[in-house]
Amino acid sequence: MSDNLSQLKTRMALISRLGQTSALLDWDQQTYMPKGAAESRSEHSAAMRQVTHEMFTAQETGNLLANSENDLKGQDPDADDVRMLAVLRHDFDRETKLPAELVSEIARHTSLSQEIWIKARKTNDFAYFAPALDKMIDLSLRQAEYLGYEDHVYDALLDAYEIGAKQRDVAVMFADMKPYLVELTRAIADSSNPVDDSPIRGNFPVDQQKQLTLQIVSAIGYDTDRGRQDEAAHPFCTNFSRDDVRITTRYNPEFLNQAVYASMHEAGHAMYEQGSPPEYEATFLSGGVSLGVHESQSRLWENQVGRSRSFSKFVLPKLKSAFPASLAEVDPEAYYRAVNKVTPSLIRVEADEVTYNLHILMRFELECDLLTKTLAVKDLPEAWNAKMTEYLGIRPETDADGVLQDIHWSCGLVAYFPTYSIGNLLSAQLWNAASKSILDIDEKIERGEFAPLLNWLRENVHKYGRKYLPGELIKKATGEPLSSKYYMEYLNKKYSDIYSL
Ligand code: ZN
């Protein structure tokens, strides 16, 4: 190995470890930290971020990177080291293209506008939030100009979450799905065979839910020797190495679904990180490649597995032994129907599999209009409500339940939403590929044999870490580029049956 490359790797390992240590501080903040520590913790986190950022963007990193690229010229383009330099080049350029003055302005405005958003949502006052959002859009546009793009300003921002993805491709993905999803949502609302979800509503003591969800995530393959589950207001997954990947969940004592599926979702994210190759540890190749691919892992375990008929047969006896009083009379078919109830709802995070992508689609359309200035921020609530009515057939009574519901725009996460839909689509495409290569996958799931599926994901997705671009990885794993076809087929088959369409 060249001297430059080995020095670069040492430096990157140190930067990775610092980032992981920051993540540990964040995990603690969202789980066990005493309330009074908020201010001092924000100082700790800011200090860690500053040191990490300075080290990463330093001239020395740039020099070592350029020299290593030179040393490796002509080598196999598929070699790990060559790929690692490409990933590093992407990240380094993104971090160093923005002038320091803009970076600190964004950081300042982000914390300010989040506070404004919290208040605006609480008091249902969009006008109070509008100037902050206006400024956030302008900062995003300035950022995009520095980062550069070929076709659409959206591309420069989307690239932060989904390397190489383009606005054009996302637009095509939604154009395929939109008429179909709107039609399916209407057909389900008019169905003569509605779903009753009362079997999963009742009395489900939290202590039992804790044990049960841990039992379920362990069964599907989440390694609790290299992770743990705790409680948090907003479930998330985080990791400090491949050997310490933690998940959180939240419990609702009257609604069983929330914790069971939030746990499976986060375990899906976690198993991806636990499956990152040991030799990539503390290099820029470790972990998940993009938000979209990450979300495909969580969605696959949550939906294709967790909300399937075969899983219902597997899990119901376990649920019954934890909650005999509430579930004694429930059979697997009633449980399966209950966990797949479709209802157009105002709130994205509560949406079912069918309507979820319509929530994302409208946010994507609105973001594009805001960034191209074809929509003014002051007109956003009206545009929001019109789309809700058109796509989901419901209109929010308040902006708090409408345009003010998501935190994303207030903290500068513009062009982030499409990664949720990419994840949904990809979950169905991966499931399709996996079920072709695993014999009797449904029967295996019914018997609680999840290892063949997890091994397939390890072999086709996890083991590559960040080595390939998301688009390359999808093609490698499924034999074709990302397509909405499998997701639509999946929804069609499943919901025509459930709702007798
Ligand atoms: Zn997720």
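A salt bridge here is a side-chain nitrogen of Lys or Arg within 4 Å of a carboxyl oxygen of Asp or Glu. This is a predicted model, where local features need pLDDT of at least 70 and side-chain atom pairs count only at pLDDT 80 or more, while totals for chains, interfaces and linings use all residues. Residues are numbered from 1 along each chain as its sequence is written, and side-chain values use heavy atoms, with hydrogens and water left out.

**View 1. Aspartate 91 pairs up with arginine 466.** The closest N and O atoms of this salt bridge are 3.1 Å apart. Between domain 1 and domain 2, the count is five salt bridges. Residues 3-148 make up domain 1 and residues 167-499 make up domain 2, with bounds that come from an automatic or database domain assignment.

**View 2. Here is where domain 1 meets domain 2.** On one side, 39 residues of domain 1 are in contact with 40 residues of domain 2 (contact means heavy atoms within 4.5 Å). About 3,600 Å² is buried between the two domains, and carbon and sulfur atoms give 64% of that. Buried area is the accessible area (1.4 Å probe) that two parts lose on being put together, summed over both.

View 3. Histidine 269 sits in helix α10 (residues 257-274) and glutamate 295 in helix α11 (residues 291-305), so the pair ties together parts 26 residues apart in sequence. Helices (H or I, at least four residues) are DSSP runs, numbered from the N terminus.

**View 4. Aspartate 28 and arginine 41 form another salt bridge.** Their closest N and O atoms are 2.8 Å apart. Aspartate 28 belongs to helix α1 and arginine 41 to helix α2 (residues 38-57), so this pair links distant parts of the chain, 13 residues apart. Searching the whole structure turns up 37 salt bridges.

Key
Helix = DSSP H or I, 4+ residues; strand = E, 2+ residues; numbered from the N terminus.
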